[in-house]
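Please look over the chains below with the sequence beside you. The report that follows goes from single sites to the wider architecture.

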Amino acid sequence: MKLYSLSVLYKGEPKAVLLKAAYDVSSFSFFQRSSVQEFMTFTSQLIVERSAKGSRASVKEQEYLCHVYVRNDSLAGVVIADSEYPSRVAFTLLEKVLDEFSKQVDKVEWPVGSPATIHYAALDGHLSRYQNPREADPMSKVQAELDETKIILHNTMESLLERGEKLDDLVSKSEVLGTQSKAFYKTVSTGPLLRAPLQRAVEPARPLCPLH
Amino acid sequence: MNQREISKALMEKEKPLATPLLTSLFPSCKILLDELSSTKHWASMHVSDHSGFHYRQFLLKSLISQTVIDGSVLEQNPLRSEPASVLPKDEEAAASTEEPRINLPHLLEEEVEFSTDLIDTYPGHETLWCHRRHIFYLQHHLNGRFPHSVTQLSPADSPGGTLSDLQLVPAGPHTSQAMEVDGLNDCSKQGYSQETKRLKRTPAPDSLGLEMEHRFIDQVLSTCRNVEQARFANAYRKWLVTLSQ
């Protein structure tokens, strides 16, 4: 059960702006880490750009689940987790983080901010604490506030894209990905966005099911 | 580092491929109990990983087979190969001093509570439901009237089922088969048909336990918002029904 990244972004038009991010790439091999981090930033931005204001979604990409919450004021949060991590807790975390962020960082800074200019230091702590969902949020399963039926489910990153858009093109055009990362992406024949960490005796991956 | 420490260190890294191995083929009850408590956290943080729960099933089965049930008296299994220093000659002393008294029903109850807690907190993981079946069956086996048998149950197919056969390590000192380290390896095939016949003759699982399980299933179905969870709950119900036929 793992969280890999937690990011705060601003959904500008047309691009999403990364304001602050925290990563836990310790489970990846040393030489993969910076690429993985870049891909997670790339993915987070892409997801926010393709999600409507006032929406929540979970996007599945291989072993990963990316949960996004875009507020009506265009402040957005993305958490990239594994498939074990309970989504309810992920959305609680996003709500909490964006609420805190909006109180600490002035609105005027959002459209033009960057991790270097934004003063918000709590993200690493949140990411670390929420690695254990039950300790971080023991009451989560009791909360009825979040209407889970409204969470949009995407079974692949591709389903976020416009007709005719290719992930490969977006990757090559990306300013967030370094040359090494782009080269790495090309060498993998099926072009998965993120390489899954070491396999273990897990349950078969299942497509996301809509809630009844 | 000794083997246990290495195993522990591996477990703490992100994704171990195999369950930790015990250093001995015949671990003492104390080691089994320690392992049960120390692996609880890992299992709860890897709820889609069968290996953690398989290991717990192995520990519980080992504890059951280490304990000969004779009426209401729990005696230590004389076949245990722990060095003599751990075993005082006087059995009563053994129960009260060197070896921890094992309350098997209580342990299994705790495991059921653990399972309930995980199923409620992390909906939609087949592993957790598989584990619950194993524990229920162990409880039934313990409460039942056949403490010395080898029993084998093929659970009803769950839809899209990947459930492995439930097989129990031989209990009691009179079976010819040595205790297996990996409890889920197949028992001898020739025993199969004999055992299924025996199973069909057994009395139904205790009805109170069954009733509680059905209530649990009802509670899950009425509150869950996850399609997979509902599917697993229904499959579990069907399996319980097969068990009592």
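Predicted model: local features only at pLDDT ≥ 70, side-chain atom pairs only at ≥ 80, totals over all residues.

G52(B) sits in helix α4 of chain B, and its C-alpha atom is 9.8 Å from that of H41(B), a residue 11 positions away in sequence.

D49(B) belongs to the loop between α3 (40-45) and α4 (50-66) of chain B. D49(B) is buried as well, with a relative accessible area of 0%, and its side chain makes a polar contact of 2.7 Å with the side chain of S51(B).

## Overall make-up of chain A

Chain A contains 6 helices and 6 strands, which follow one another along the sequence in the pattern β-β-α-β-β-β-α-α-α-β-α-α. Of its 212 residues, 52% count as buried, and chain A exposes about 10300 Å², of which carbon and sulfur atoms supply 53%. Among the contacts in chain A with a separation of 6 or more, 64% are between residues 24 or more positions apart.

An unreviewed UniProt entry places the feature "domain: Longin" at residues 8-131 of chain A. Over residues 8-131 the chain is 34% helix and 27% strand, and the end C-alpha atoms of this stretch are 18 Å apart.

In soluble globular proteins, nonpolar side chains tend to be buried together. The largest nonpolar core here has 54 residues, and those that touch the most other members are L3(A), L6(A), V8(A), L19(A), Y85(A), F101(A) and W129(B). Helix α2 (residues 87-104) of chain A provides the largest share of this core, with 8 residues. Another core, of 30 residues, lies apart from it and includes V36(A), V68(A), I80(A) and M157(A).

Which residues does L19(A) contact, once its neighbours within four places in sequence are left aside? They are V8(A), L9(A), Y10(A), L75(A), F101(A), W110(A), G113(A), S114(A), P115(A) and I118(A).

## Helix α1 of chain A

Helix α1 (residues 33-49) of chain A has 17 residues, which at 1.5 Å a residue should span 24 Å, and the distance of 24 Å between its end C-alpha atoms agrees with this expectation. Because 12 of the 17 residues of α1(A) are buried, the helix is largely enclosed by the rest of the structure. The buried residues of α1(A) include S35(A) and V36(A), together with the run F39(A), M40(A), T41(A), F42(A), T43(A), S44(A), Q45(A), L46(A), I47(A) and V48(A).

## Backbone exceptions in chain A

Most residues other than glycine have a negative phi, and most peptide bonds are trans. The peptide bond from E13(A) to P14(A) is cis, with omega near -5°, and P14(A) is placed in the loop between β1 (3-11) and β2 (16-23) of chain A.

Q62(A) lies in the loop between β3 (55-61) and β4 (64-70) of chain A, whereas S74(A) lies in the loop between β4 and β5 (75-82).

Methods. Residues numbered from 1 in each chain as written. Chains lettered and ligands numbered in written order. Heavy atoms only, no water. Helix = DSSP H or I, 4+ residues; strand = E, 2+ residues; numbered from the N terminus. Buried < 20%, exposed > 50% of the residue type's maximum accessible area, 1.4 Å probe, protein only. Polar contact = N/O pair within 3.5 Å; in protein donor to acceptor, adjacent residues only side chain to side chain. Core = buried A, V, L, I, M, F, W, Y, C linked by side-chain atoms within 4.5 Å. Contact = heavy atoms within 4.5 Å. Expected span 1.5 Å × (residues − 1). UniProt positions renumbered as here; feature names shortened; annotations may be inferred. Areas by Shrake-Rupley, 256 points an atom, 1.4 Å probe, with all protein chains shown as cover.
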